Amino acid sequence: MAIALQVLRHFARAPLRPLLWGLPLTRLASSMALAEQARQLFESTVGAVLPGPMLQRALSLDPDSGQLKVRDRSFQLRQNLYLVGFGKAVLGMAAAAEELLGQHLVQGVISVPRGIRAAMERAGKQEMLLKPHSRVQVFEGAEDNLPDRDALRAALAIRQLAEGLTADDLLLVLISGGGSSLLPAPIPPVTLEEKQMLTKLLAARGANIQELNTIRKALSQLKGGGLAQAAYPAQVVSLILSDVVGDPVEVIASGPTVASIHSVQDCLHILNRYGLRAALPRSVKTVLARADSDPHGPHACGHVLNVIIGSNALALAEAQKQAEALGYKAVVLSTAIQGDVKNVARFYGLLAQVAGARLTMPAGRTSVEEDEQLYELAAQIQLPDVQLKEALEAVVGAQGPVCLLAGGEPTVQLQGSGKGGRNQELALRVGVELGQWPLEPIDVLFLSGGTDGQDGPTEAAGAWVRSELASQAAAEGLDVAAFLACSDSHTFFCRFQGGAHLLRTGLTGTNVMDAHLLFLQPQ
């Protein structure tokens with residue numbers, strides 16, 4: 001209670017004062033303490049996959065012999081090391097790499113999001129900034145995660161560096177989430193604008209990251225193994241911070257150092273699925289037809305070592321550890337949450353109902369019908385690694401509060417001209433779902449946040465909600481359904497209780513998809 005009152009005093013000073021409406025003081029203190037713990041756990045999730053520590057664990061250099069060790073492989077350095085990188089976490093990765101490799105690094109080129117250096121400076125994150133007189137050239141572009149001319153210039157500079165290497169050279173490639181948008185080099189006659197338009201159309205119609213990257217690779221000079229081919233015959237070591245469910249190296253950033261396994265027919269199947277094949281520009285049809293008739297097929301990448309150095313699973317494992325230290329029974333439910341955000345929200349709402357009943361009822365008795373609905377919904381969403389049975393069994397045995405953790409990347413089918421991101425929309429929809437179930441005597445809080453600190457084209461990382469959201473929003477004159485109807489979750493959370501439910505972290509310098517935290521606390 002002392003912690004709760006301390007948090008209450010902290011938040012009651014300003015924007016969170018509207019939370020006082022409609023809640024008893026003791027319940028309010030408990031609510032704020034829970035919200036603060038949720039934020040702390042999200043920060044620990046991000047902290048587990050910061051680029052510097054990840055890279056330092058993956059690389060080791062013997063300063064006397066000049067031997068660079070990457071996992072179980074060794075490479076001899078003799079003024080023959082070059083570096084390229086692209087992604088939201090690459091600035092910090094490059095800073096850590098240059099610090100470790102020192103004078104062995106001859107030259108580097110990286111492509112990072114616009115404004116990230118200034119953001120890191122404002123946040124005081126000096127460890128994520130390159131030193132003065134760095135040998136690494138930095139390009140900033142791809143604002144709002146959309147490829148642009150600056151990102152194109154970066155991609156061409158990276159290609160030029162790679163093409164100039166010899167068999168005596170070693171190319172260190174740093175890759176993280178956002179790399180696809182930061183490495184645009186369309187195959188002529190496709191223009192950047194045409195490729196960007198096609199990507200936007202696919203995303204707006206609900207295409208997942210795997211589908212988007214399949215199309216991107218087919219139209220790119222560098223994706224789908226193109227960068228590895230450009231660097232041949234040099235040796236290539238690719239260090240990857242994964243932002244894709246299952247960590248498939250051929251999908252992350254569209255696999256620039258991995259030979260593509262997709263065919264033109266795969267691309268056409270995706271385009272047909274979303275009703276876009278007939279509307280393709282002539283240039284795209286030309287490139288796809290040319291690839292279909294290429295007798296050589298995809299290039300091999302036998303000169304490449306690809307290493308995953310960070311992932312959503314690693315981040316959630318740290319959050320689980322921290323939750324347990326706070327007294328929660330913590331269980332990682334899945335690291336592969338994907339599918340339509342509406343179904344995912346229904347899943348979390350029903351999960352809260354079923355898990356809450358097991359937490360409070362004698363012997364964990366729950367409705368058979370609700371249990372069946374939950375398992376059917378999990379099967380419908382097709383979560384490959386879901387530990388639903390194990391999680392519910394753990395809830396039954398819990399003697400106190402429970403934290404269920406999950407991660408992944410749901411998809412949103414955009415409607416209207418609103419502003420938001422998948423995390424804010426998921427949180428808003430979960431809030432609606434929670435309000436439809438009789439959850440007493442359980443306090444429930446759900447948080448969804450992007451580990452990169454940016455949810456869609458907004459400055460928020462995500463949002464958190466409680467079961468009172470719908471009723472409290474109505475009391476403020478906010479129509480939740482209207483905001484959802486035009487994909488305007490960010491505007492809703494900005495207005496709702498003075499923006500108190502937004503998760504604001506600033507750019508984190510890393511990216512391993514999203515983290516979802518569901519808290520169940522007996523009253």
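How are helices H14 and H17 oriented to each other? That was my opening question for this notebook, and I note at once that the model is a predicted one.

**Entry 1: H14 and H17**

I looked up the two helices and found H14 at residues 341-360 and H17 at residues 422-434. Their axes come within 8 Å and cross at roughly 45°. Angles under 35 degrees count as roughly parallel and 65 to 115 as roughly perpendicular, so H14 and H17 are oblique to each other. I also noted the hand of the crossing of H14 and H17, which is right-handed.

Next I listed who takes part in the contact. From H14 come Val 341, Lys 342, Val 344, Ala 345, Arg 346, Tyr 348, Gly 349 and Ala 352. H17 brings Arg 422, Glu 425, Leu 426, Arg 429, Val 430, Glu 433 and Leu 434. Sorted by class, the contact of H14 with H17 has 8 nonpolar, 1 polar and 6 charged residues.

**Entry 2: H8 and H9**

I then turned to another helix pair, H8 (residues 192-204) and H9 (residues 209-218). The axes of H8 and H9 come within 10 Å, and the crossing angle is roughly 165°. Over 145 degrees counts as roughly antiparallel, so that is how H8 sits relative to H9. The crossing of H8 and H9 is right-handed.

On the H8 side I wrote down Lys 195, Leu 198, Thr 199, Leu 202 and Ala 203; on the H9 side, Leu 212, Ile 215 and Arg 216. The contact of H8 with H9 divides into 5 nonpolar, 1 polar and 2 charged residues.

**Entry 3: stepping back**

I wanted a view of the whole protein, and its secondary structure comes to 20 helices and 15 strands. The radius of gyration is 24 Å, close to the 24 Å that the globule rule gives for 523 residues, so the protein is as compact as a globular protein of that length. The C-alpha trace spans about 70 × 60 × 40 Å along its principal axes. Of the 523 residues, 58% are buried. I also checked contacts between residues at least 6 apart in sequence: 81% of them join residues at least 24 apart.

**Entry 4: Val 480**

Is Val 480 buried or exposed? Its relative accessible area is 10%, and buried means under 20%, so Val 480 is buried. Leaving out residues up to four places away in sequence, Val 480 touches Leu 428, Val 432, Leu 469, Ala 473 and Phe 492. For Leu 405 I noted a separation from Val 480 of 75 residues in sequence and 26 Å in space, C-alpha to C-alpha.

**Entry 5: backbone details in loops**

I looked for cis peptide bonds and wrote down one joining Pro 188 and Pro 189, with omega about 10°. Another cis peptide bond joins Tyr 232 and Pro 233, with omega about 15°. I found Pro 233 in the loop between helix H10 (226-231) and strand S8 (235-241).

Positive phi values came next. Gln 382 is not a glycine, yet its phi is positive at about 65°. Gln 382 lies in the loop between helix H15 (368-381) and helix H16 (388-396), and Gln 382 is exposed, with a relative accessible area of 61%. Ser 487 also has a positive phi, near 50°. Ser 487 lies in the loop between H19 and helix H20 (489-495), and at 6% relative accessibility Ser 487 counts as buried.

How values were computed. Residues numbered from 1 in each chain as written. Predicted model: local features only at pLDDT ≥ 70, side-chain atom pairs only at ≥ 80, totals over all residues. Heavy atoms only, no water. Axes fitted to C-alpha atoms, helices over the stretch in contact; angles between N-to-C directions. Helix = DSSP H or I, 4+ residues; strand = E, 2+ residues; numbered from the N terminus. Left-handed = near helix turned anticlockwise from the far one by under 90°. Contact = heavy atoms within 4.5 Å. Nonpolar A, V, L, I, M, F, W, Y, C, P; charged D, E, K, R; others polar. Rg over C-alpha atoms; globule rule 2.2 N^0.38 Å. Buried < 20%, exposed > 50% of the residue type's maximum accessible area, 1.4 Å probe, protein only.
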